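Try each task before reading its solution.

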Amino acid sequence: MFRQELHAFWAVLTVLLVIGVFWYAACVPMNIKGVLTEQERAGAEVQPPSAKERRDMSEFGLALNNRFAIPATWEQERPRLPAPHQVAIEMWETTAQKKITSKRSLFYHGWVTLSATMLGFAIGTGLGILLAVGIVHSRVMDLSVMPWAIVSQTIPIIALAPMIIVVLYSVGVQGIIPKAIISAYLSFFPVVVGMVKGLRSPDAMQLDLLRTYNASRSQGFWKLRLPASMPYLFTSLKIGIAASLVGAIVGELPTGAVAGLGARLLAGSYYGQTVQIWSALFAAAILAACLVGLLGLVERTVLKRMGMAQ
């Protein structure tokens, strides 16, 4: 067991190192023009590109032609693509060096987004489970509701979110509720699909056995279908909570929110602070990973108590 965990650790570390190398390499052609422009304005002598490089108009060619400027591409104040250490420093400064209640703290903005995420996730999960139960036990709902649930996911959320917010604002519903509804819209579908699959997972022999015991429909649900659906449900919940977080962030964008990870993305784009944008993106990714990991822990605990531990 320990050896497997060690191999997994080294595999993850290797992938991260490879990503880091490629990331630093990508910063050079992305930021070289800005570096050379800054150095020219400062009075430095910049070697002009060759005829071939002028024909190519290649930023990579500029980087090769001005190798002395390459280290500066990792230290720009407002780079096109910030280097990994710049993002790490920004995240450190906006977490460890800021009070949690500070409006410049990622903890503060993360909590605002998390609250909408959890409310939307709860609504979406409840709605998804109820729809799945109805679809499994009613052929009418299976033929009518399921196709509409599928069609609903074909509408781009970036187009639907402003419409939802405008409609809710017009009837006086503001604050966390519009964001939670958008989160619920994204999270309910994985739960519906996974729960339907799980509730239908018992085979014909198991169902026939219950009938021989003269079990009622509700007894079949609680004794067989629901326990059998647990692995499918938790898999769906992991997808749903990540989608719910995306929905909460998207819901913050059309409102011009001043708090939340979406607000950090907006502020960074308004003022050209790409480092701030990337730090907010990484904060969202870390938050999603923590939520999925927490659900994984709950899954292992529940399945172990049910005698279904993997």
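**Exercise 1.** Describe how helix α9 packs against helix α10 in this predicted model.

*Solution.* Start with the two stretches: α9 covers residues 204-212 and α10 covers residues 217-252. Next, take the axes, which come within 11 Å and cross at roughly 150°. Angles over 145 degrees count as roughly antiparallel, so α9 is roughly antiparallel to α10. Then look at the handedness: α9 passes α10 in a right-handed crossing. Now find the residues that touch: α9 contributes Gln206, Leu207 and Leu210, while α10 contributes Gly220, Leu224 and Arg225. Finally, sort these contact residues by class, which gives 3 nonpolar, 2 polar and 1 charged.

**Exercise 2.** Work out the crossing of helix α5 with helix α8 and the classes of residue in their contact.

*Solution.* Locate α5 at residues 106-137 and α8 at residues 176-199. Their axes come within 5 Å, with a crossing angle of roughly 35°. The handedness of this crossing is right-handed.

**Exercise 3.** Find the largest pocket and say what lines it.

*Solution.* Begin with the space inside, about 250 Å³. Then turn to the lining, made up of 13 residues, with Leu106, Phe107, Gly110, Ala283 and Leu287 nearest the pocket's centre. Which elements give two or more residues to this lining? They are α5 and α12, the latter spanning 274-305. Last, classify the lining: 11 residues are nonpolar, 2 are polar and none is charged.

Key:
Residues are numbered from 1 along each chain as its sequence is written. This is a predicted model: local features need pLDDT of at least 70, side-chain atom pairs count only at pLDDT 80 or more; totals for chains, interfaces and linings use all residues. Side-chain values use heavy atoms; hydrogens and water are left out. Axes are lines fitted to C-alpha atoms, for helices over the stretch in contact, and angles run from 0 to 180 degrees between N-to-C directions. Helices (H or I, at least four residues) and strands (E, at least two) are DSSP runs, numbered from the N terminus. Angles under 35 degrees count as roughly parallel, over 145 as roughly antiparallel, 65 to 115 as roughly perpendicular and the rest as oblique. A crossing is left-handed if the near helix is turned anticlockwise from the far one by less than a right angle, and right-handed if clockwise. Contact means heavy atoms within 4.5 Å. Ala, Val, Leu, Ile, Met, Phe, Trp, Tyr, Cys and Pro count as nonpolar, Asp, Glu, Lys and Arg as charged, and the others, Gly among them, as polar. On a 1 Å grid over the protein atoms alone, a cavity is a set of points where a 1.4 Å probe fits but cannot get out, and a pocket is an open set with protein on both sides within 12 Å along at least five of seven lines; lining residues have an atom within 4 Å of a point. Grid points are joined across faces, edges and corners, and a volume is the space filled by probe spheres set on the points.
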